[in-house]
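Here are my notes on the model, as numbered points. Please read them with the structure open.

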Amino acid sequence: MYERPREDRILPVVDLPPWPSDQSPANDFRDEAARLRVLASFDADGLEGDPELARLARFAAKLCEAPSAAISLVEEERQRFIAGENLQSAETPRSTSICAHTMGGSSLLEVLDASHDPRFANFEIVRGDTHLRYYVGAPLISSEGASLGALCVTDTSPRQHGLNSLQREGLMVLAESVKRRLEAHRQSHLAIFELKESAQRVQFMLDSVPDIAWSAAPGPVFDNFNARFEEVTGKTPPREADDWRTFIHPEDFEATLAKFQYALENARPFEDEWRLRLADGSYRYVVSRAVPSSDDPETARWFGTLTDIDEQYRISQERELLAGELAHRIKNIFSVITGLISLRSRGNPDQGAFGDALNDNIRALSRAQEYALPTSNRSGENLQDLLGIMMAPYGADGSGKVAISGDAAKFGPRAATPLALVFHELATNAVKYGALSTAKGKVSITVKALKDTVTIDWHETGGPAIEEPEATGFGSRLTSMAVDHQLGGALTRNWRETGLAVSLTLPRERLEQ
């Protein structure tokens with residue numbers, strides 16, 4: 001579970017110029033707690049053994065003609081040496097740290113003989129085996145003004161004279177280099193810290209969502225899953241595409257793998273529905289989606305989700321079964337009606353021709369009904385064929401009342417129902433009030449297929465004069481809803497004196513579903 005770091009470990013955002021070398025630490029960091037928070041941001045553990053700091057310490061010793069040098073960071077209870085030359089220990093108690101005195105100033109602290117200096121004479125490093133006598137240190141101050149430690153040079157022999165001006169200046173220059181290295185490491189550590197924080201937040205968010213989420217490197221190599229995967233499947237996540245065989249129903253695996261391989265090879269979005277094996281051995285339908293990070297199949301990373309749709313899928317199956325039964329019953333009703341008409345008109349010459357014509361119209365309506373309640377997958381058919389069947393009862397059977405022309409365009413089963421609804425409404429209104437209500441009236445339907453859209457134009461001519469109704473009827477509202485929500489298109493009406501003109505523009509992607 002994601003947890004925020006302790007407040008005393010939160011790294012400050014630092015983007016400041018170096019602290020002036022001739023100024024003492026800022027008053028804001030005289031408070032020890034505030035100073036220690038800044039010191040913690042420098043990641044002392046990551047600085048230990050740093051080769052650049054080691055070279056700077058080595059050169060400081062040579063510059064000052066001394067055997068030893070160190071870079072110290074003064075913590076709450078100890079003085080820690082993160083780099084140095086001829087160091088005898090990695091740390092000493094803060095209570096006996098000369099660097100703790102150095103870091104509070106703005107200039108070099110030089111002690112020619114520590115055994116005669118009342119501030120340091122009783123320190124263990126002075127009177128003990130370390131036998132420190134000479135010390136010179138340059139304060140290390142952070143860019144925001146917090147004291148950190150010192151760059152110091154030491155010797156076991158006292159000196160009669162201090163550093164010359166060149167050595168003093170050189171030691172201060174080296175101290176500036178040390179500070180730049182410390183700040184650079186801090187910025188790098190801060191960036192890594194923030195990346196880890198961001199990754200933890202993202203992982204926590206992914207583990208909290210009900211969907212399974214994953215990512216994959218090129219290959220693909222599935223390298224990350226949220227916790228939901230193991231919760232649902234009870235197994236370790238797959239690493240390669242073929243490893244999914246354990247989790248996908250055997251009847252679904254080969255087909256969905258082929259679709260996914262196509263998406264991989266072309267760096268195209270992937271979507272499919274299949275059954276996922278759960279921890280108890282049962283299966284549930286999921287919709288699997290994945291998108292590439294780029295359009296380069298060789299380098300694209302992939303990000304995907306598995307969403308449980310089992311309940312919706314089974315409801316959809318039940319609805320399709322019900323729709324099939326309804327379609328069957330409706331076809332039976334049409335058959336009964338045509339049978340009754342034939343029975344009544346049989347043997348009556350005056351009614352025979354009328355009965356035959358009426359039966360032809362009813363059979364056309366029956367064929368159109370197959371599209372409005374699709375029980376078979378009739379996708380990929382020509383849109384003009386659907387329009388012809390829909391409009392056959394109104395004169396698209398060769399009588400010249402309805403003419404259909406234009407480009408070939410495919411449509412899918414999901415689009416058939418709203419299309420049938422739209423043109424049934426247009427035809428019904430034309431019969432009641434428009435061009436098809438008169439003997440001379442005609443309707444022309446033109447299909448225009450472009451790259452991304454298909455436009456169907458409906459033009460009425462030869463009918464009575466019309467004008468736009470003051471109120472929108474239920475049929476018109478239903479038609480608009482079918483176009484907007486189910487087909488994702490746009491429908492415009494133009495109430496011309498010569499007859500109604502309607503233009504229906506549909507995206508190909510939705511039309512072919």
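1. His131 counts as partly exposed because its relative accessibility is 36%, and partly exposed covers the range between under 20% (buried) and over 50% (exposed). The model is predicted, so treat this as a computed value. His131 sits in the loop between helix 5 (124-127) and strand 5 (134-141). Its backbone deserves a look too: phi of His131 is near 55°, a positive value in a residue other than glycine.

2. Asn86 also calls for a backbone check. Its phi is positive, about 55°, although Asn86 is not a glycine. Look for Asn86 in the loop that links strand 2 (78-85) and strand 3 (91-93).

3. Which peptide bond is cis, with omega near -5°? It is the one from Gly219 to Pro220. Pro220 belongs to the loop between strand 7 (212-217) and strand 8 (221-225).

4. Now the surface. Val336, Leu340 and Leu343 make a nonpolar patch of about 290 Å². Val336 is part of helix 9, which spans residues 310-345.

5. Last, the overall fold. The protein has 14 helices and 18 strands. It contains 513 residues, and 42% of them are buried. Take the contacts with a separation of 6 or more: residues 24 or more positions apart account for 59% of them.

How values were computed. Residues are numbered from 1 along each chain as its sequence is written. This is a predicted model: local features need pLDDT of at least 70, side-chain atom pairs count only at pLDDT 80 or more; totals for chains, interfaces and linings use all residues. Side-chain values use heavy atoms; hydrogens and water are left out. Patches are made of residues with over 30% relative accessible area and no salt bridge: like charges are joined within 9 Å, nonpolar side chains (Val, Leu, Ile, Met, Phe, Trp, Tyr) within 5 Å. Accessible areas come from the Shrake-Rupley method with a 1.4 Å probe; for residues, only the protein chains shown count as cover. A salt bridge is a side-chain nitrogen of Lys or Arg within 4 Å of a carboxyl oxygen of Asp or Glu. Helices (H or I, at least four residues) and strands (E, at least two) are DSSP runs, numbered from the N terminus. Buried means under 20% relative accessible area, exposed over 50%, partly exposed in between (1.4 Å probe, protein chains only). Contact means heavy atoms within 4.5 Å.
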